[in-house]
Amino acid sequence: MSTTEQPAFDDRYDLTVFPAAVDAGGHADPATAAWIQAEAQGFHDPHLAPELVDRLAGHHAVDRKRFTSVLQREPLAGSLGADAPVATFASFDRTLQVGGAEPLPAHLISNVTVRPTHRRRGVLRAMMTESLGWAAAEGYAVAALTVSEATIYRRFGFGPATTVHSVAVTTDARFRLQSAPSGRCELIDSRTLLELGPRLFARFHAVHPGSVDRQSKHWGRIAGTEAEKGGDDPAVRAAAHYDEAGTADGYVSYRFGGWDSKPHTLEVLDLVAATPDAYLGLWDFLASVDLAERVTWEAAPSDDPLRWALADWRVVSTTSLDDWLWLRVLDPVRAFEARGYTEGAEGSLVFSVADPLGFADGVFRMRVAGGRATVERDDAAVAELAVDAPTLGSLYLGGTDARVLAAAGTLRELVPGAAQKAASLLAPVSPVWGISHF
């Protein structure tokens with residue numbers, strides 16, 4: 001096990017970085033098992049059975065996760081021992097769709113916990129700066145995370161970049177599409193999604209800026225073969241949408257909320273559509289399921305085609321608007337050259353970035369033409385607008401309008417009209433939407 005120790009943040013602790021690992025028999029190694037139990041405690045999960053620890057460790061190892069544990073050197077007598085982490089942190093590599101020629105490798109951060117008894121001692125900052133420094137040295141242009149608390153990560157340069165709607169859709173007689181989508185839906189064995197799901201998600205991922213490729217544990221959960229707390233989940237059902245040629249181009253995984261739910265409700269676990277017809281067709285299927293009057297989903301697009309397709313869009317209620325993916329630009333040159341630009345976008349923009357951690361700090365000149373950008377750092381140039389690192393993360397995919405950020409006071413126009421220019425140049429090639437949580 002390779003380790004990195006940084007006792008400088010507080011000499012009562014050791015910060016250790018190691019790969020998630022299982023032995024030849026599929027059992028979690030001791031450091032991995034201790035990390036998994038500590039992370040479960042941090043998110044208020046019950047103490048995990050050894051079999052579940054081993055299964056989770058196997059997924060983490062497949063995903064090649066880089067674990068961080070912070071350990072006390074001298075724990076108090078009777079408290080959790082020196083091998084029980086007081087803080088956990090994980091990172092791994094996945095691709096982020098940015099609308100360019102290829103998805104962009106991203107440094108994903110997850111599973112961040114700090115015991116309440118060990119806060120305000122520099123523990124989180126030490127874990128985060130170590131991880132971001134490692135990612136920058138390895139050549140990652142962006143880091144990303146999804147958050148349980150939205151007030152924590154701006155100080156590390158992360159800004160919200162995508163949003164989703166949690167929706168409740170009434171599926172009584174008022175649910176009617178104005179025109180019928182092509183293709184048809186059929187029920188499938190949910191376990192089919194272990195093989196079908198990744199193939200269809202790859203098609204979705206290829207065309208949606210803001211999409212992040214998924215972790216290995218996701219497929220068992222939406223197929224009903226691996227419940228969150230272990231074992232199978234026999235309540236999971238699934239259906240697929242097929243195009244006119246009989247090829248599957250979308251799926252939905254769902255469960256019934258129980259007879260005590262009022263109104264009787266289907267909960268969507270995952271809905272992936274490679275085409276607009278598949279998306280509407282799957283919703284039409286969900287609305288047709290007997291003995292259910294409502295469908296809920298926590299990851300609908302903010303600008304949902306379903307509303308516009310319905311004769312009465314009031315059957316769709318937004319129960320919350322949620323930040324989803326938070327981005328942190330580590331290398332503005334590589335990041336903005338990797339993303340896609342609309343064919344009509346053409347021009348140049350000089351912007352300055354204030355980044356206390358130093359990764360993205362500087363003045364940058366961007367020229368856009370033919371759907372591509374060239375970017376260079378030019379600290380002698382006169383900037384047209386100024387942002388901090390979190391705002392740069394929010395701007396990056398184009399899902400947040402620069403004019404809105406200017407009105408909010410987080411983007412400063414140094415030249416009149418610069419926000420309008422930025423909004424035009426950074427318009428996304430297609431609506432920004434991701435459905436992967438990590």
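Contact here means heavy atoms within 4.5 Å; helices (H or I, at least four residues) and strands (E, at least two) are DSSP runs, numbered from the N terminus. This is a predicted model, in which local features need pLDDT of at least 70 and side-chain atom pairs count only at pLDDT 80 or more, while totals for chains, interfaces and linings use all residues. Residues are numbered from 1 along each chain as its sequence is written, and side-chain values use heavy atoms, with hydrogens and water left out.

I begin with the helix pair. On the α1 side, Thr-32, Ala-33, Trp-35, Ile-36 and Gln-37 meet Val-53, Leu-56, Ala-57 and His-60 of α2. The residues of this contact comprise 6 nonpolar, 3 polar and no charged, where Ala, Val, Leu, Ile, Met, Phe, Trp, Tyr, Cys and Pro count as nonpolar, Asp, Glu, Lys and Arg as charged, and the others, Gly among them, as polar.

I turn now to the sheet. It is open and mixed, with 7 strands in the order β8-β9-β10-β11-β12-β7-β13; two strands pair if DSSP finds at least two bridges between them. At the edges lie β8 (184-188) and β13 (316-323), each pairing on one side only.

Within the sheet, β9 (residues 236-242) and β10 (residues 248-256) run antiparallel and are joined by 7 bridges.
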